[in-house]
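Reader: I am new to this structure and would like to understand the words used for it. Could you take me through a few of them?

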Amino acid sequence: MLGRGEIAIVGAAESTRIGVVPDMSQIMLHADAALNAMADAGLRPKDIDGVACVGPMMPQQIAHYLGITPKWVDGTGVGGCSFMLHVRHAAAAIHAGYCNTVLITHGESGKSRINATPRPPEPESLNGQFEAPFGPFGPPTLFPIPVLRFMKKYGVTHEDLATVAVVQREWAGRNPRAMFREPITVDDVLNSRMIAYPFRILECCLVTDGGGALILTKSDRAKDFPTKPVYILGTGESVESNMVSQMEDFTSSRAFRVAGPTAIEAAGIDRKDVDHLMIYDAFAHLPLYGLEDLGFVGRGEAAAFIREGHTRPGGKLPLNTNGGGLSYTHTGMYGMFALQESVRQMRGTAPAQVPGAKISVCHGVGGMFSASGTIVFSNERP
């Protein structure tokens with residue numbers, strides 16, 4: 001059994017540029033972030049013996065491009081939370097002795113589409129047969145299916161959804177690298193262009209270019225690195241259906257309900273111990289589901305919790321402090337950027353630093369609620 005705090009993050013960095021990067025392909029973004037993370041940790045490619053990444057780049061491409069000869073690789077791809085699963089799998093691999101130092105990379109040309117691979121549903125796939133023929137295509141039109149049920153069941157209003165975006169923008173205003181930093185109001189959100197009911201454009205994620213990388217090793221080695229170690233206390237993962245129409249419950253993600261509590265239980269903490277929270281926010285509804293499915297609030301209470309200011313700057317549970325996928329960046333698979341912010345908060349280097357933060361929970365989603373991964377971090381080793 002993996003011990004609490006046995007594995008640490010000793011290197012973490014994003015690509016040198018994020019946002020619109022039209023002169024870099026996806027593999028270049030991977031490499032840029034990887035080299036930045038290695039510089040952060042004081043390592044060279046020969047020091048890395050484990051590699052993880054998610055398609056369209058494969059581990060063999062990244063290893064070859066960087067000149068790494070790995071003993072362990074992971075190409076798990078479950079959408080935007082793949083990186084949370086990579087962290088979990090890498091920690092287990094290091095614990096098992098399969099490798100000593102793992103590099104996890106991400107690079108995606110979501111905006112400029114340099115070397116990007118189209119991802120339409122194949123006609124013979126389950127999605128292609130049973131969802132696409134009825135019209136919905138992609139997250140903006142698939143996510144509304146459960147969201148409308150959630151709103152009806154719990155009385156969540158358009159103003160409540162808009163408030164999520166407003167609060168995210170408050171955090172982004174404190175982050176110099178955020179794509180959108182200008183303050184917005186609930187009225188601004190509600191008056192923005194409708195994309196697919198009930199989502200307006202300010203409630204939908206950005207589309208950007210960028211990358212990020214993490215380096216993991218045993219905590220016993222942490223003293224050998226120049227950076228402040230960030231310890232992994234607990235991890236969790238799960239999947240549900242890759243068809244949003246087949247969710248067990250439109251008002252709750254079964255994958256969330258497994259991954260989140262599994263990580264928190266493994267970490268040996270209570271929800272009240274959490275100082276900082278990242279919930280993947282491709283669209284404005286996801287923080288609502290995350291707060292409830294992870295047990296931070298009761299059923300139907302998330303909208304009021306955010307509306308009352310508990311997640312904004314100065315609130316009791318700071319949430320998505322980089323500005324999130326709604327205002328910071330979103331390349332298509334956002335999980336790496338959520339992990340980066342948790343690491344920054346635990347190091348005490350975040351632009352919008354939460355004073356005295358010691359425990360951060362980072363929770364991700366893949367596809368339309370089809371997968372989930374959760375990591376609990378701390379800057380103190382148990």
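Author: Happy to; we will go through a helix pair, a pocket, some backbone features and a record entry. Please keep in mind that this is a predicted model.

Reader: Which residues of H3 and H13 make the contact?

Author: On the H3 side they are Phe-83, Met-84 and Val-87, and on the H13 side Gly-335, Met-336, Ala-338 and Leu-339. Sorted by class, this contact holds six nonpolar residues, one polar and no charged ones.

Reader: What lines the second largest pocket?

Author: Its lining includes Met-1, Leu-2, Gly-3 and Arg-4, along with Arg-88, Ala-92 and His-95. Ile-232, Leu-233, Gly-234, Thr-235 and Ala-266 also belong to the lining. Helix H3 (82–96) and strand E8 (230–239) are the elements that give two or more residues to it. The space in this pocket is about 230 Å³.

Reader: Which element gives the most to that lining?

Author: That is E8, with four residues.

Reader: Where are the cis peptide bonds you mentioned to me under backbone features?

Author: One joins Gly-55 and Pro-56, with omega about 10°. Pro-56 sits in the loop between strand E2 (50–52) and helix H2 (59–66). Another joins Tyr-197 and Pro-198, where omega is also about 10°. Pro-198 is found in the loop between strands E5 (194–196) and E6 (199–200).

Reader: What is the phi of Arg-113?

Author: Arg-113 has a positive phi of about 60°, although this residue is not a glycine. Arg-113 lies in the loop between strand E4 (102–109) and helix H4 (126–130).

Reader: Which residues does UniProt list for "domain: Thiolase C-terminal"?

Author: The unreviewed UniProt entry lists residues 236–379. Over that stretch the chain is 31% helix and 17% strand, with the end C-alpha atoms 19 Å apart.

How values were computed. Residues are numbered from 1 along each chain as its sequence is written. This is a predicted model: local features need pLDDT of at least 70, side-chain atom pairs count only at pLDDT 80 or more; totals for chains, interfaces and linings use all residues. Side-chain values use heavy atoms; hydrogens and water are left out. On a 1 Å grid over the protein atoms alone, a cavity is a set of points where a 1.4 Å probe fits but cannot get out, and a pocket is an open set with protein on both sides within 12 Å along at least five of seven lines; lining residues have an atom within 4 Å of a point. Grid points are joined across faces, edges and corners, and a volume is the space filled by probe spheres set on the points. Contact means heavy atoms within 4.5 Å. Ala, Val, Leu, Ile, Met, Phe, Trp, Tyr, Cys and Pro count as nonpolar, Asp, Glu, Lys and Arg as charged, and the others, Gly among them, as polar. UniProt positions are given in the numbering used here, feature names are shortened, and annotations may be inferred rather than shown by experiment.
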